[in-house]
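Subject: Structure handover

Hello,

Here is the structure I promised to pass on to you.

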Amino acid sequence: MNKAINIIKDEHRSISAVLSGLKELARMAEDAPERPDFRVFRAMLRYIDEFPEKMHHPKEDRYLFARLLARLPSAQPLIDKLQKEHIEGVRLIRDLERSLLFLEDRWPVGSRDFRKLADDYARFHWDHMRREEGEILPLAVLHLRAADWEAIEGAFAGNDDPIADLREKDFQVLFSRIASLAPAPIGLGEPWKKTV
Ligand SMILES: [Fe+2]
Ligand SMILES: [Fe+2]
């Protein structure tokens with residue numbers, strides 16, 4: 001398997017881990033009598049907003065999808081669908097952020113809505129990544145050439161963009177922060193404490 005595909009799949013795994021954590025903590029926030037530690041939700045939403053939405057998806061659009069389209073014009077409908085999902089993802093994350101602000105202010109009011117939005121977003125994003133891994137990557141393997149893979153790998157590895165490379169390191173720090181704030185069984189943080 002080539003390096004570009006490994007990087008893309010690794011990024012999907014990291015995104016997926018945060019989505020699982022978000023989904024589980026949103027469930028805990030709805031069911032538990034303890035006030036959640038909202039820092040972990042803010043860190044998770046920041047991660048999703050900045051990593052998949054602002055880096056991973058734009059790199060797919062500009063490199064993977066663009067190169068595949070040039071080699072295989074019949075992939076247009078599939079690529080259109082995935083690009084629409086990239087745009088839709090940005091809208092959904094704004095809804096989640098609004099819901100989190102409300103929940104933090106009025107907890108426990110709003111916990112059911114927040115959980116539903118978190119579930120919907122996780123499902124939406126998992127379906128999206130599944131389509132990329134199950135449909136786009138196999139087509140790319142068949143139709144892209146060495147020069148295409150080099151360009152894609154350069155973009156995803158951050159080799160041609162020192163700022164992107166620095167930002168990737170920020171995400172690793174943010175990812176560790178999520179793990180250190182999230183209570184068990186999601187992470188290694190303190191349990192949420194009773195407030196009454
Ligand atoms: Fe994508
Ligand atoms: Fe992706």
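A word on conventions before that. This is a predicted model, in which local features need pLDDT of at least 70 and side-chain atom pairs count only at pLDDT 80 or more, while totals for chains, interfaces and linings use all residues. Residues are numbered from 1 along each chain as its sequence is written, chains are lettered from A and ligands numbered from 1 in the order in which they are written, and side-chain values use heavy atoms, with hydrogens and water left out.

The metal sites

Donors here are N, O and S atoms within 2.8 Å of the metal (3.2 Å for Na, K and Ca); water is not among the atoms, so sites may look incomplete.

The iron ion (ligand 2) has His12 (NE2), His56 (NE2), Glu60 (OE) and Glu132 (OE) as its protein donors, 1.9 to 2.2 Å away. Its site is also irregular, with angles of 78 to 172° among its 4 donor atoms, and the sequence spacing of its donor residues is H-x43-H-x3-E-x71-E. Glutamate 60 bridges the two iron ions, ligand 1 and ligand 2, which lie 3.3 Å apart. Since glutamate 60 sits in helix α2 and histidine 128 in helix α4, this pair ties together parts that are 68 residues apart in sequence. (Helices are DSSP runs of H or I with at least four residues, strands are runs of E with at least two, and both are numbered from the N terminus.) Glutamate 60 and histidine 128 are buried, as are histidine 12 and glutamate 132; buried means under 20% relative accessible area, exposed over 50% and partly exposed in between, with a 1.4 Å probe and protein chains only.

The aromatic rings

The whole structure has 6 aromatic pairs. Rings of Phe, Tyr and Trp (its six-membered ring) pair if their centres lie within 6.5 Å; planes under 30 degrees apart are stacked, over 60 edge-to-face and the rest tilted. Phenylalanine 41 and phenylalanine 114 make an edge-to-face pair, 5.3 Å centre to centre with 85° between the planes. It links phenylalanine 41 in helix α2 (residues 38-71) with phenylalanine 114 in helix α4, 73 residues apart. Phenylalanine 41 also pairs with tryptophan 192: the centres are 6.2 Å apart and the planes at 45°, so this pair is tilted. Tryptophan 192 lies in the segment after α6 (162-181), 151 residues from phenylalanine 41. Phenylalanine 41 is buried, at 0% relative accessible area, and tryptophan 192 counts as buried at 10%. Ring pairs join Phe38, Phe41, Phe114 and Trp192 into a cluster.

The cavityBoth α3 (76-106) and α4 (111-143) supply at least two lining residues (an atom within 4 Å of a point) of the largest cavity, a 1 Å grid set over protein atoms alone where a 1.4 Å probe fits but cannot get out.

Best wishes

Definitions and conventions: Four donors count as tetrahedral if all angles lie between 85 and 135 degrees; four count as square planar and six as octahedral if opposite donors are over 155 degrees apart and all others between 65 and 115; anything else is irregular.
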